[in-house]
Amino acid sequence: MTDFFSDVQEEQARQRHPVRATILVLVVLVLVAGAVAGGYVWNLARTFNEGTQTIAGAIPENSPEKTSASADSRNILLIGSDTREPGADARSDTMMLVHVPGDRSAVYVMSIMRDTWTQIPGHGEHKINAAMALGGVPLMVETVQDMIGVPIDHVAVIDFDGFKGLTEALGGVEVDNAQGFQSEGANGEYFAAGPLTLQGDSALKFVRERYAFADGDYQRVRNQQAFMRGLLTKLISAETLANPVRLSAATGAISPYLSVDEGLDAMRVGELAIELRGVRAGDIEMFTLPNAGIGTSTDGQSIVLPDEAAVTGLSEALKSDTVGEYARSLNGERLG
């Protein structure tokens, strides 16, 4: 394994890429590297490095300091978007904060509603997803850090088109659909309630639909969490881990649609792989940051009102590395 890490470092020294990456490929490598070694892992790492791009300056230099209690924990911000560049169309559809506790006993995935009203540094109050349009990934990371009061260790961005190739490479992802719905548009599709197997365009429609629901983004976030749970379950299943062809195909399919910060390279992923090798599907907890419901901004926008007490509670849990207790206290806001 030491040879593997040194080979990866040499490969990166020869070739550096500019902007792309996310938990999907990270999970592939994280779960696999603890189980296999040698040339196979090296090939997966090389595919990851050559397929993804690096986001320069993604983590602000003025990030908050960690407490002694949370020093060994890791916070990874996941962003789903159609584009990674600043501009009017760069607003992110999906934001998830992945927290890995210091003892590596579990993984906590928290969704942040994209219309949450908050302060964006240097720009005043906006919906949180406007940070991508105003300053790209670095400003989005800074905004989330300011909101929760703790540092983001890594950030990863995924182009939604990457879902299509990944689900096809895995042979489909099983999802427990809580609410039947018809996706909008000329190519809309009906998703029945109950167990579904999604892949390709169907997976993309499932995670992006919001107009079909009375509560809009709230149900879309639940569907995204259900999809992520199904995806992670499939990735750590024996049929995936024991199938080198499927695993390599999954890594190759998703990596061109991913962007990561400069520190989240194959070597760091390999380290996390070893640390998280004991984590199973039942150890992955998903929940949504509580909010105070729907409101209207002074300029007439429909927004999600922040729950300041909930944000303070989350911040304290992150600083004390007790996010598991925080998630279990949320009841209805927690999924599964």
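A polar contact, as I use it here, is a pair of N or O atoms within 3.5 Å; within protein, one must be able to donate a hydrogen and the other to accept it, and residues adjacent in sequence count only if both atoms are side-chain atoms.

Ground rules: this is a predicted model, where local features need pLDDT of at least 70, side-chain atom pairs count only at pLDDT 80 or more, and totals for chains, interfaces and linings use all residues. Residues are numbered from 1 along each chain as its sequence is written, and side-chain values use heavy atoms, with hydrogens and water left out.

Entry one, threonine 116. I found threonine 116 in the loop between strand 4 (107-111) and strand 5 (117-120); strands are DSSP runs of E, at least two residues, and helices are H or I, at least four, numbered from the N terminus. Its side chain reaches the backbone oxygen of methionine 113 at 2.7 Å. Threonine 116 counts as buried because its relative accessibility is 6% (buried is under 20% relative accessible area, exposed over 50%, partly exposed in between, with a 1.4 Å probe and protein chains only). Skipping residues up to four places away in sequence, I see threonine 116 touching His126, Lys127, Ile128, Val304 and Pro306 (contact is heavy atoms within 4.5 Å).

I located alanine 250 in helix 9 (residues 244-254). Alanine 250 has 0% relative accessibility, so I log this residue as buried. Apart from neighbours within four places in sequence, alanine 250 is in contact with Leu166, Ala169 and Leu170.
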